[in-house]
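The sequence and structure come first, and the notes follow.

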Amino acid sequence: MKTPPCMVWLPADHRLLGDHGHQMPFLLLGDKYARAVKVSAQAQPVMFPLADVEQIDELLSLVDGVMLTGSVSNVHPSHFDEAVADPSLPLDPVRDSLTLALVRACVHQGVPLLGICRGFQEINVALGGALHQRVHEVSGLMDHRESKTAPPDEQYAPAHPVRFVPGSVFETWAGAPEARVNSLHGQGIARLAPGLQAMAHAPDGLVEAFAVQGARTFAYAVQWHPEWRSHENAFYSAIFEAFGRACRQRMSQRLQAADLALARH
């Protein structure tokens, strides 16, 4: 019997798309996220487009890891007790309702978890942290946004260095005490959630990576975008390779448990 693929759950974004004033709802996943999972983590990306909170446990039993992607939308500030600062920015409350609960379930059940950009912010908010809604307006912090008119190669080019906590896995993955990363975010961490440990900082002190303390498996998140051409960047690849290893370990445990259950019957 052929071994099933190692599978990683990526959430859908909920968007209204259309022309001439006629819009319809779409469920979306960025190609670059799925491709990084397939190529660099060596796992099969999967979606459950209409998943809801009540289904989280049963769906987690089918997968080997979860990757929370970046998105054009922001986490709704009501989740950290603030009003919306800029009504023109897109929100995705349907995604929020799933992913914030999904974060807590992954940590509780020991499911490998990787957060990227919005996913990084989701993990922080889900565990009790807060965000700056406009990092560029906070005294002492840089403007971490990309140029909206620049081509993607420029938007995702290295923008600033991040310095890693000495001895951290990020230092190991990068092979150096710091690395240059891209920067495409308007929000950022204002208060790190209890149970999260900062692993990297931007030159202005903003948290750029963290680990879930006491996690039973891979549980890390980054504010930058390592999925962008991850196979061309040794540091970015190392993050996904470590995530993939953790997912395959869970798959092995999951299959062994299934075999034992069958043997009992």
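How much space lies in the second largest cavity? The second largest cavity holds about 50 Å³, where a cavity is a set of points on a 1 Å grid over the protein atoms alone at which a 1.4 Å probe fits but cannot get out. This is a predicted model, in which local features need pLDDT of at least 70 and side-chain atom pairs count only at pLDDT 80 or more, while totals for chains, interfaces and linings use all residues. Residues are numbered from 1 along each chain as its sequence is written, and side-chain values use heavy atoms, with hydrogens and water left out.

**Cavities**

- Two cavities of 30 Å³ or more are counted; a volume is the space filled by probe spheres set on the grid points, which are joined across faces, edges and corners.
- The largest cavity has about 70 Å³ of space.
- Its lining, meaning residues with an atom within 4 Å of a point, consists of Asn74, Val75, Pro77, Val84, Ala85, Asp86, Leu89, Leu91, Gln133 and Gln187.
- By class, six residues lining the largest cavity are nonpolar, three polar and one charged; Ala, Val, Leu, Ile, Met, Phe, Trp, Tyr, Cys and Pro count as nonpolar, Asp, Glu, Lys and Arg as charged, and the others, Gly among them, as polar.
- Around the second largest cavity are Cys106, Val107, Gly110, Val111, Leu113, Val212, Ala215, Arg216, Thr217, Phe218 and Ala219.

**Largest pocket**

- The largest pocket has about 750 Å³ of space; a pocket is an open set of points with protein on both sides within 12 Å along at least five of seven lines.
- It is lined by 33 residues, of which Ser71, Val72, Ser73, Lys148 and Leu184 are the closest to its centre.
- The pocket lining comprises nine nonpolar, 13 polar and eleven charged residues.
- Strand E2, helix H1 (31-39) and helix H4 each supply at least two lining residues; helices (H or I, at least four residues) and strands (E, at least two) are DSSP runs, numbered from the N terminus.
- H1 gives the most, with three residues.

**Aromatic pairs**

- There are 14 aromatic pairs in the structure; rings of Phe, Tyr and Trp (its six-membered ring) pair if their centres lie within 6.5 Å, with planes under 30 degrees apart counted as stacked, over 60 as edge-to-face and the rest as tilted.
- Phe120 and Phe210 are stacked, at 4.7 Å centre to centre with 25 degrees between the planes.
- This pair links distant parts of the chain, with Phe120 in helix H4 (residues 118-126) and Phe210 in strand E12 (residues 207-212), 90 residues apart.
- Phe120 and Phe210 are both buried, that is, under 20% relative accessible area, whereas exposed means over 50% and partly exposed in between (1.4 Å probe, protein chains only).
- Phe164 and Phe235 pair edge-to-face, at 5.5 Å centre to centre and 65 degrees between the planes.
- Here Phe164 in strand E8 (residues 160-164) is linked to Phe235 in helix H7 (residues 234-264), 71 residues away, and both are buried.
- One aromatic cluster includes Phe164, Phe235 and Phe218.

**Strands E8 and E9**

- E8 and E9 run antiparallel and are joined by four bridges; two strands pair if DSSP finds at least two bridges between them.
- Val162 stands opposite Ala179 in E9.

**Gly18**

- Gly18 lies in the loop between strand E2 (13-17) and strand E3 (24-28).
- Gly18 counts as partly exposed because its relative accessibility is 44%.
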